[in-house]
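Subject: Handover of a structure

Dear colleague,

Please find below the structure that I am handing over to you. My notes on what was found in it follow.

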Amino acid sequence: MQTQENAVDNKVDRNKVYFLIIVIAALLGINGYLYFKDQQQSNRFVTISTEKDRLKLEVEKIEVELDRVNMLNVTLNDRLIEEQKLARNKIAELKLALKKGELTQKELDEAHKQINTLRDFVRSYNNQIAILEQENSYLKTERDSLKSSLSNYNEQAENLRRENRNLNKKIKAGSSLKASNINILAYKVKDNGKTSVVTKASSTNKLTIDFAIAPNELAEKTYHKIYLRVIDPAGNLIANENNMFEADGQQMQYSDAIEISYNNDDTRYKIEWINPKTFIKGVYAIFLYADGFQMGKAQIELK
């Protein structure tokens with residue numbers, strides 16, 4: 001009987017030992033699971049934190065790429081300006097999101113997706129800027145070439161205008177009338193209107209300038225105005241200050257003027273000039289002008 005009881009007690013003790021072993025094993029398993037899970041969470045936190053820092057760096061790189069565009073001497077069109085504005089707004093949003101203390105994996109994945117999209121946009125944007133820069137460079141080269149061509153053209157045009165002016169001046173000078181066989185006579189006009197040739201200044205009332213015009217096929221066969229300038233022995237021009245004409249590129253006063261009809265023949269012409277002043281002894285010089293040029297000169301000495 002005693003032996004049977006001892007056997008029952010031993011069996012109960014063994015069952016307790018087994019149960020304790022099972023409990024200890026279960027606790028060890030739970031502790032191991034919790035430790036492993038904690039390690040996973042720690043590693044996961046480290047991974048997420050590292051990924052967040054990497055994404056921050058990517059965003060900063062993208063922003064630097066956009067800033068580089070502003071340093072280029074490129075004029076952006078309205079579409080590119082709007083695209084850059086949208087990109088910078090997205091960068092600001094991503095920076096704000098990545099500043100959060102903790103991010104879920106979903107938020108991290110979404111940020112990663114947005115950064116990839118933004119990176120693709122910046123790559124395309126920079127390509128457009130590069131093309132625009134090339135076009136601007138080409139246009140600048142074309143503009144400089146056109147400016148150079150225009151400058152050369154203007155210089156050539158000015159040279160042609162100068163040559164034309166010189167040529168026109170030569171043609172005008174060549175087509176102007178030239179006097180020949182100029183004769184000057186001094187006359188005394190009597191009270192009865194009769195005249196006589198004289199040689200003394202005290203007897204002279206007027207001068208008669210008689211001249212022919214040299215043949216000139218270039219001269220226009222039309223009416224021409226002949227201007228007379230008389231210089232007295234003292235070197236003074238005898239003229240009315242209101243009588244003006246242009247010759248040799250400047251304004252001049254004239255003593256008298258007549259209008260003739262030129263036909264390129266042997267016709268002789270005459271100017272009768274009455275001195276508004278008293279004639280004095282000495283040499284009187286006369287100059288004839290027509291078509292803006294001097295056509296001849298002569299002189300007479302009065303005793």
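What does the accessible surface of the protein come to, and what percentage of it belongs to carbon and sulfur atoms? The accessible surface is about 21,100 Å², and 52% of this belongs to carbon and sulfur atoms. Accessible areas come from the Shrake-Rupley method with a 1.4 Å probe, and for residues only the protein chains shown count as cover.

Please note that this is a predicted model, in which local features need pLDDT of at least 70 and side-chain atom pairs count only at pLDDT 80 or more, while totals for chains, interfaces and linings use all residues. Residues are numbered from 1 along each chain as its sequence is written, and side-chain values use heavy atoms, with hydrogens and water left out.

Overall composition

The protein contains three helices and eleven strands; these are DSSP runs numbered from the N terminus, with helices being H or I of at least four residues and strands E of at least two. From the N terminus on, the order of elements is α-α-α-β-β-β-β-β-β-β-β-β-β-β. Of the 303 residues, 27% are buried, where buried means under 20% relative accessible area, exposed over 50% and partly exposed in between (1.4 Å probe, protein chains only). Among contacts between residues at least 6 apart in sequence, 70% join residues at least 24 apart; contact means heavy atoms within 4.5 Å.

Four strands form an open sheet in the order 2-1-3-9, with antiparallel pairing. Two strands are taken to pair if DSSP finds at least two bridges between them. Strand 2 (195-198) and strand 9 (268-274) are the edge strands, each pairing on one side only.

Strand 1 (residues 179-189) is joined to strand 2 by four bridges, and V189 stands opposite T195 of strand 2. Seven bridges join strand 1 to strand 3, again in antiparallel fashion; here L185 stands opposite T208. Strand 3 and strand 9 are likewise antiparallel and joined by seven bridges, with I209 having I271 as its bridge partner in strand 9.

Why is strand 3 largely enclosed by the rest of the structure? Eight of its eight residues are buried, so strand 3 is largely enclosed. In a regular strand the side chains alternate between the two faces of the sheet. Both faces of strand 3 are covered, with K206, T208, D210 and A212 buried on one side and L207, I209, F211 and I213 buried on the other.

Aromatic pairs

There are seven aromatic pairs, counted when the ring centres of Phe, Tyr or Trp (its six-membered ring) lie within 6.5 Å; planes under 30 degrees apart count as stacked, over 60 as edge-to-face and the rest as tilted. F211 and Y269 form a tilted pair, 5.9 Å centre to centre with 35 degrees between the planes. F211 belongs to strand 3 (residues 206-213) and Y269 to strand 9, so the pair ties together parts that are 58 residues apart in sequence. Both F211 and Y269 are buried.

The surroundings of H224

H224 is located in strand 4 (residues 223-231) and is buried, with a relative accessible area of 5%. A polar atom of the H224 side chain lies 2.7 Å from the backbone oxygen of E220. Leaving aside neighbours within four places in sequence, H224 is in contact with L177, I258, E259, I260, Y262 and D291.

Terms used. Polar contact = N/O pair within 3.5 Å; in protein donor to acceptor, adjacent residues only side chain to side chain.
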